[in-house]
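Biologist: I would like to learn how to read salt bridges and helix packing. Can we go through an example together?

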Amino acid sequence: MKQVSFVVVKVTTICTPRLLKRMSDLLRWEYKNPSFNLPWKQKSLQLFSDSSPFYHTPEKPEPLTVKEEDDLQLAHERLMKICKKCLELDVDLLIDPKDTTIQPAIDYFAYSASIKYHKDDHPMLLHCPTYSVSPYSSMS
């Protein structure tokens, strides 16, 4: 019988909202400018579409500092430990969405973890990026 339990992770508990905002700005800028290099970025799934809310990043953001990159690495390691334990215990993981200002970074964490941790052809991660599309994209 399939269990109905799962673990919920709020990425803001493993990474500061300030760093998530900085990452989100950099990820948005990279999407708009593909030659822009993010040395810290790991393999991930597609984060954006043309209707994503890019208005949060009107100008080129500064690169992450060494301290911010270290903090990002620690946050990534924390999430990987959680994913590994969920996989060992055969428990699904739900990554809780936040708001459009930091959602790209949360999506990045979720998607990069889902590439690394999955059960056969069944992804272990459940993710609800409900804020990924601009609320104005469907309005005329």
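Biologist: Which residue forms a salt bridge with Glu88?

Modeller: Keep in mind that this model is predicted. Look for a side-chain nitrogen of Lys or Arg within 4 Å of a carboxyl oxygen of Asp or Glu. Here Glu88 pairs with Lys85, and their closest N and O atoms are 3.6 Å apart. Both residues lie in helix α2, three residues apart, about one turn of the helix.

Biologist: Is Glu88 buried or exposed?

Modeller: Exposed means over 50% relative accessible area. Glu88 has 52%, so Glu88 is exposed. Lys85 has 45% and therefore counts as partly exposed. Salt bridges can also share partners: Arg18, Arg22 and Glu68 are joined into one network that way.

Biologist: How many salt bridges does the structure hold?

Modeller: Eight salt bridges. Among them is Asp71 with Lys67, at 3.0 Å from N to O. These two sit four residues apart in helix α2, about one helical turn. Asp25 and Arg28 also meet in a salt bridge, at 3.0 Å from N to O. They lie in helix α1, and both are buried.

Biologist: At what angle do α1 and α2 pack?

Modeller: Angles of 65 to 115 degrees count as roughly perpendicular. Helix α1 (residues 17–32) and helix α2 (residues 66–89) pack at about 105 degrees, with axes 11 Å apart. The two helices are therefore roughly perpendicular to each other.

Biologist: Which residues meet there?

Modeller: Arg18, Leu19, Arg22 and Met23 in α1 meet Glu68, Asp71 and Leu72 in α2. By class, this contact has three nonpolar, no polar and four charged residues.

Note on methods:
Residues are numbered from 1 along each chain as its sequence is written. This is a predicted model: local features need pLDDT of at least 70, side-chain atom pairs count only at pLDDT 80 or more; totals for chains, interfaces and linings use all residues. Side-chain values use heavy atoms; hydrogens and water are left out. Axes are lines fitted to C-alpha atoms, for helices over the stretch in contact, and angles run from 0 to 180 degrees between N-to-C directions. Angles under 35 degrees count as roughly parallel, over 145 as roughly antiparallel, 65 to 115 as roughly perpendicular and the rest as oblique. Contact means heavy atoms within 4.5 Å. Ala, Val, Leu, Ile, Met, Phe, Trp, Tyr, Cys and Pro count as nonpolar, Asp, Glu, Lys and Arg as charged, and the others, Gly among them, as polar. Buried means under 20% relative accessible area, exposed over 50%, partly exposed in between (1.4 Å probe, protein chains only).
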